[in-house]
Structure formats: structure tokens, C-alpha cells
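Thanks, everyone. Let me put the model up, and then we'll walk through it together.

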Amino acid sequence: MNARGFPAFKLFTGMDGRKKTGRLLLSLLLVFLLLLSLAGCAQPSGSGPSQSGNPAAGTRQPVSAGAAGSGLQSLASGEMRVSVIDVGQGDSILVQLPDGKTMLVDGGPTVAGPNVAAYLRRRGVKRIDYLVATHPHEDHIGGLPGVLPQFPIGQIFMTRGTTNTATFEHLLQGIKNKGLSVTTARAGVVLFQQGTLQAVFLAPSSSGYKDLNNWSAVIRLQYGNAAFLLTGDAQAQSEQEMLASGANLRADVLKVGHHGSATSTGPAFLRAVAPRFAVISVGAGNDYGHPHQVTLNKLQQAGVQVYRTDQDGTVVFTTDGKQIRVDCLPRQAVPGGIRGFVEWLRMRLFGN
Ligand SMILES: [Zn+2]
């Protein structure tokens, strides 16, 4: 064009370096936004009214957004609480036992580590008495190295399922740094037993599995008449082994295996567990198609009330051993599109 156009063109072509810098800054900004959004699980403390005051047992009782710190009733004496923490795509479950002890089952993906630690502090946790890493996939153990240094740890349980990823090495280093030794988790091992309170591993029972998911430690937790089955990512093979073992699988609450994938929650297994409630720990917009519609249909047909961390946020079950109350602690509202994008970006960056 003319003299006006030329500098403009030159300016444009001269932007190459600046464009790269711009892209880098944009990437950093996206990562920052990502971390910010993931820090939004069940926080901050707010003054929203709790609707969990006096619910009929088993009804969905959402606590108003942002009220996680204050909306949930404090744990009464003789109550047990199981929080399926919203960690995006992954698993992390906090169990607060009636005797004041605590168990943490998985720590979510790496990026969720700080959230998990923060959630534990909000629940008043000072010490993790029993730490279980169900199997060495990043979406289950990635967050644990971020949690380990922040709390005194009692016992650590892991299965013999190992891998050679940096994430797994990082966890082993974290355990070593704490001077802890690992207790092997396998079917039949009792975590604790005291009166009507008991936790026992139902899987794994084989000496080898092709799929790392089937190495998942599966825990049946019982308090009085209330039972929970925490299945990690156990799939059909492990489910069949549990059925064949003749172990008591019945549970009021099923933490659905492998984020609701079609390879878990087989019909016979679901019949044996016969849960009233199911909770699926899953990230919005994940690349795996979790939860699978087939699994959702099976649960619906069985008349199970289903909670999902991608829709309900952190799902909290509180029981006195007779009744179970359910509270949902939704994330701070994030527009679906952005949240979906952030989950997508997280998966791209950190994988499963
Ligand atoms: Zn998983």
C-alpha cells in the first residue's frame, strides 16, 4: 500500500519474536487460570445457608456454593464422614472415623494436591492415620507428594502394582523422605477393626494383572449398619475375583469403579453390592468419555441415587452407623465452557 501501510506491514512481520513471547505469556496465563480454577474445589469459606440442617436421610442436600467451610455441619461425636473430594478427573477420598482418626484414599492428580491438603485442613484434619494409594496412576497418586509433607502420616498402604513413571517415583521419594515404610494392600488385609467399625481390603487378590487399574486396592468400610465400597479403578477382572472370593460386597454407598467407565460396575457386581447411593469421581469434559452412559443406565435401572463430582462438587456422606446424610459442596461457579476447556487443558498437560 502506501507509506502508512508499509510500517504497519513491517510491524506485523517484526512481531515474530513478540508473537512468541505473547504466546508464552498466554500459555502461562492459561496455566495460571487453570491452577486458579482447580483451587476452586469446595472453597472458600462462606456464609451461605446450609440446607443440610435436618434432612431426611439419603436425600440430596446441596449446600449453597462456596459454603463448604461453613455449610457442612461439624462432625458430631459418634459420626463418620466420607468426603469424595472434587479433584477433577481423578480420585481422592477422605474418611473421618468416629474415633477421630482419618484415612485418605488417593490424592487426585498432581494439580489437585494443594486442594486436597486444603480440604483436609478445612475438615480439621491434623494427621492422616491411614493413607491408601489405590494404584499408581497419576489421577490417583499425583497429588499425594503435595499432601505428604503437610501432615503426620500413620500407615501407608499400597498394592504391588508398580510402574516406572516419574509420578510414581515422586511418590516413592515422598514416602522415603517421611521415613515411612509401606504396608502391602491385598485382599483380606484388615486396615482397622474396632467394635462395629471396620475397614478391609477386598482386592487385589491375584499375583499379576495386565491392566494397572486391576491392581487397585478396594476397601470395604463399615460402621454400624452403614457400609461403603471404595473401588479405585478396579475393572471387570477384579470385580469377578471379588465375587468369586465370597467376600461381603454389600454397601450402601458405592464409589463407582474407574470414574464410571464401561469396563467397571458389571451387573453381577452391582447386584452383589446393591448400593443405595453411588458416587462417581470424574472431571468435567474429560477425554475418556467418563462416566459411560452404559454405567449410568445400569445404576439408574438398579434404582441407585447417583452423585457426580463434576456436577455436584465434593460429595460428603455422614453417618451415625444407622442413617446416611448426603451433602454436596459445589465448586464456585465457573462458566461451563471455560471449565470444560480448563479440564481439557489439564488433561493435555498432565494426562491421566
Ligand atoms: Zn483413575
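Val 279 is then in contact with Val 84, Val 253, Lys 255, Val 256, Tyr 307 and Val 315. Keep in mind that this is a predicted model.

Where does Val 279 belong? It is one of the residues with the most contacts inside the largest nonpolar core, along with Val 132, Val 218 and Ile 219. That core has 76 residues. In soluble globular proteins, nonpolar side chains tend to be buried together.

Now step back to the whole chain. The chain has 352 residues, and 48% of them are buried. Its secondary structure comes to twelve helices and 16 strands. Take contacts between residues at least 6 apart in sequence: 68% of these join residues at least 24 apart.

Back to Val 84, one of the contacts of Val 279. Val 84 sits in strand 2, on one side with Met 80 and Val 82. Is strand 2 enclosed or open? Five of its five residues, 80-84, are buried, so strand 2 is largely enclosed by the rest of the structure.

Which strands pair with strand 2? One is strand 15, residues 314-319, in the antiparallel sense over five bridges. There, Val 82 stands opposite Phe 317. Another is strand 3, residues 93-96, also antiparallel, over four bridges. Here Ser 83 has Leu 94 as its bridge partner.

That's the tour. Thank you.

Note on methods:
Residues numbered from 1 in each chain as written. Predicted model: local features only at pLDDT ≥ 70, side-chain atom pairs only at ≥ 80, totals over all residues. Helix = DSSP H or I, 4+ residues; strand = E, 2+ residues; numbered from the N terminus. Buried ≥ 20, exposed ≤ 12 C-beta atoms within 10 Å, placed from the backbone. Contact = placed C-beta atoms within 7 Å. Core = buried A, V, L, I, M, F, W, Y, C linked by C-beta atoms within 7 Å. Pairing = 2+ DSSP bridges. Lists of a residue's contacts leave out its neighbours within four places in sequence.
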